[in-house]
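Open the model in your viewer and keep the selection tool at hand.

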Number of protein chains: 2
Amino acid sequence: MTAAYLDVLAVGNAIVDVLAPVEDEALTHHGLVKGSMRLCDEREAEAVYRSMGPGVEMSGGSAANTAVGVASFGGRSGFVGKVRDDQLGSVFAHDIRAAGVAFDSPPATSGPPTGRCLVLITPDAQRTMSTFLGTAGLLGPDDVPVDRVAWAGVTYLEGYLWEEPSAKAAIQLAIEAAHGAGRKVAFTLSDSFCVDRNRAEFVRLVESSVDILFANEAEITSLYEDSDFEACVRRLQRAVSIGAVTRSEKGSVLIAGDTIEEIPAEPVDVVDTTGAGDLYAAGVLFGLASGYDLAVAGRLGSAAAAEVISHVGARPEVSLAELVAPVLDG
Amino acid sequence: MTAAYLDVLAVGNAIVDVLAPVEDEALTHHGLVKGSMRLCDEREAEAVYRSMGPGVEMSGGSAANTAVGVASFGGRSGFVGKVRDDQLGSVFAHDIRAAGVAFDSPPATSGPPTGRCLVLITPDAQRTMSTFLGTAGLLGPDDVPVDRVAWAGVTYLEGYLWEEPSAKAAIQLAIEAAHGAGRKVAFTLSDSFCVDRNRAEFVRLVESSVDILFANEAEITSLYEDSDFEACVRRLQRAVSIGAVTRSEKGSVLIAGDTIEEIPAEPVDVVDTTGAGDLYAAGVLFGLASGYDLAVAGRLGSAAAAEVISHVGARPEVSLAELVAPVLDG
């Protein structure tokens, strides 16, 4: 097999985040559930935006954040996702390239605008998301660079993509291309509501096609409809080669066959939990791509997650390679 | 005279700031002078943007920041400036309205895009600005709502507008409308490079048409081409009804006829000086509009400036009304 040109190729929704304060009443008014992510159309996004305070825009997207994390560790990463040829599309493309991620998806010249995620910050510092996918939601098989997938050690897919039929077909094509080239497929369950909507298909997908699965405790217990975490871990153990399940302040559990590693969370003053799972995945994927064992990969994940939750925004503000140098040297 | 519908109507460039890290070499490469603001065309803006790291977008514009500050103090403020009907234009309009500022300028439906200011942050935390005015630079007399100017206690104009002939004509119309209605005109010199390019016209404008002048030490000494600060203050004393000159950590000096008030700067850990002058002006204008004396107005200016330099971004993150309540009650 030839060497992988990319350590990780991430496929996901290309999204710009708009973060702004709201009062609790705004959530009620728009029927949003605190702490959750909901998809909406452009009209609803505009109505929600009108009830938000002055905002800040920064590039986001779950798998895109992971690709940025891998690059920040010094890994070679790429991203596949759809933007339009508008200002937010330019912002998304600029930011991900400036972070060192290969991003070649050409912007669409017609159709809906670049996707955005309205992040509503209530006075209790909780975040509720209302996502207008826009052009991101039109990702289809034609957008999957099968050559590139074949040259990536791991193709990482986000569960959020499963919400749109064309993206679902894109995922399946990417899986075929990766496995056809003898590469690995990683998948994240993304969100417990997303799991809830797609449970049966996700269970099948994980068992048939996923080599490395990322989930948090709520997602894995929702996937298997079993509140017994240990039972879910045992089931996951049989389903995938590597499972990585995060448990917030309780750390994470990595599973590979008979090996189970429990990794503690790093102590940190939490400012904004957005991106914690995305960056945890970045650390684990970079660690595995670099040949570290499960425990080290898990610690890289914890370190990256701790960095990203220590500030506002879902992408690292410092070089993760420099941040973890003491861990890797020690 | 009827009561003013607005305490302050600010007229300026409608700009979205794009903040991102760069290496020092990028400044050299693009011929930018550290700490300065330079206008550029769209092509140059794109070239500069390409050399910047991943960024964050937030609404800015000097006079617009001041209007937001006045609203945050609980004052009634409005803003006049030109955006296009594009995504950054929507962001600008949303943010200023969400901050409580009346903003009725209709977006242009053709022409250049909404203006943006690339804020290049070097490793020494200094900020260098490259501004593509875009549609903001097309502000002209037709965009000045003369009725609204006549109903505003103070019309506040930014010196940056003087760079474009049509905006210069807009300023002159606004001055006529304000003075014709018996209202006051406030002006900020904006930037010492801006003063340098327009010195003779600025001196004439200040002496003939400005009631309240805002400047910092570099700008006022550049205006009068005299490095003796006290001499500049004496000259300003004769030129305007009220002068307010900021001196960074040395505080500020307010002048009204024979009254000279020296206001100390508030102690603060400086994170980002962007917006310091804009928010100082907001405090002083709100203070004067509310009938406070010069010294209190100056202290409100210092408090607002201290707030805005304690975090990244040029607009307040807390309610200035709440912040200064102890000052005003005490």
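Two strands pair if DSSP finds at least two bridges between them. Helices (H or I, at least four residues) and strands (E, at least two) are DSSP runs, numbered from the N terminus. This is a predicted model, in which local features need pLDDT of at least 70 and side-chain atom pairs count only at pLDDT 80 or more, while totals for chains, interfaces and linings use all residues. Residues are numbered from 1 along each chain as its sequence is written, and chains are lettered from A and ligands numbered from 1 in the order in which they are written.

**Stop 1: the sheet of chain A**

Select the strands of chain A.

Next, select β1 (residues 6-11) and β5 (residues 77-80) of chain A. These two strands run in the parallel sense and share 4 bridges. Which residue of β5(A) is the bridge partner of A:Leu9? Pick A:Gly78 to see that partner. Strands of a sheet pair through backbone hydrogen bonds, either parallel or antiparallel.

**Stop 2: a helix on the sheet**

Contact here means that the C-beta atoms of two residues, placed from the backbone, lie within 7 Å. Axes are lines fitted to C-alpha atoms, for helices over the stretch in contact, and angles run from 0 to 180 degrees between N-to-C directions.

**Stop 3: α3 meets α11 in chain A**

Now select helix α11 (residues 276-289) of chain A as well. The axes of α3(A) and α11(A) come within 8 Å and cross at roughly 45 degrees. That angle makes α3(A) oblique to α11(A). For such labels, angles under 35 degrees count as roughly parallel, over 145 as roughly antiparallel, 65 to 115 as roughly perpendicular and the rest as oblique.

The crossing of α3(A) and α11(A) is right-handed. A crossing is left-handed if the near helix is turned anticlockwise from the far one by less than a right angle, and right-handed if clockwise.

Show the side chains. From α3(A) come A:Ser62, A:Asn65, A:Thr66, A:Gly69 and A:Val70. Among their contacts in α11(A) are A:Asp278, A:Leu279 and A:Phe286. Color this contact by class: 6 residues are nonpolar, 5 polar and 1 charged. Ala, Val, Leu, Ile, Met, Phe, Trp, Tyr, Cys and Pro count as nonpolar, Asp, Glu, Lys and Arg as charged, and the others, Gly among them, as polar.

**Stop 4: α12 and α13 in chain A**

Move on to helix α12 (residues 294-309) and helix α13 (residues 320-329) of chain A. Their axes come within 10 Å and cross at roughly 130 degrees. α12(A) and α13(A) are therefore oblique to each other. Their crossing is right-handed.

Select A:Arg299, A:Leu300, A:Ala303, A:Ala304 and A:Glu307 in α12(A). They meet A:Leu320, A:Leu323, A:Val324 and A:Val327 in α13(A). This contact has 7 nonpolar, no polar and 2 charged residues.

**Stop 5: between the chains**

Bring chain B into view. The contact takes 19 residues from chain A and 19 residues from chain B. On the side of chain A, β4 (56-60) and α4 (87-98) each supply at least two residues. α4(A) gives the most, with 6 residues. By class, this side of chain A has 10 nonpolar, 5 polar and 4 charged residues.

How is chain A laid on chain B? A turn of 180 degrees and a shift of 0.0 Å along the axis do so, with an RMSD of 0.0 Å. The two copies are thus related as by a two-fold rotation axis. Copies are superposed by least squares on the C-alpha atoms of residues with pLDDT of at least 70 in both.

Pick A:Glu57. Of the residues of chain A, A:Glu57 comes closest to the rotation axis, at 2.4 Å (C-alpha).

**Stop 6: one pair in chain B**

Finish with β10 (residues 184-188) and β11 (residues 212-216) of chain B. They pair in the parallel sense over 3 bridges.
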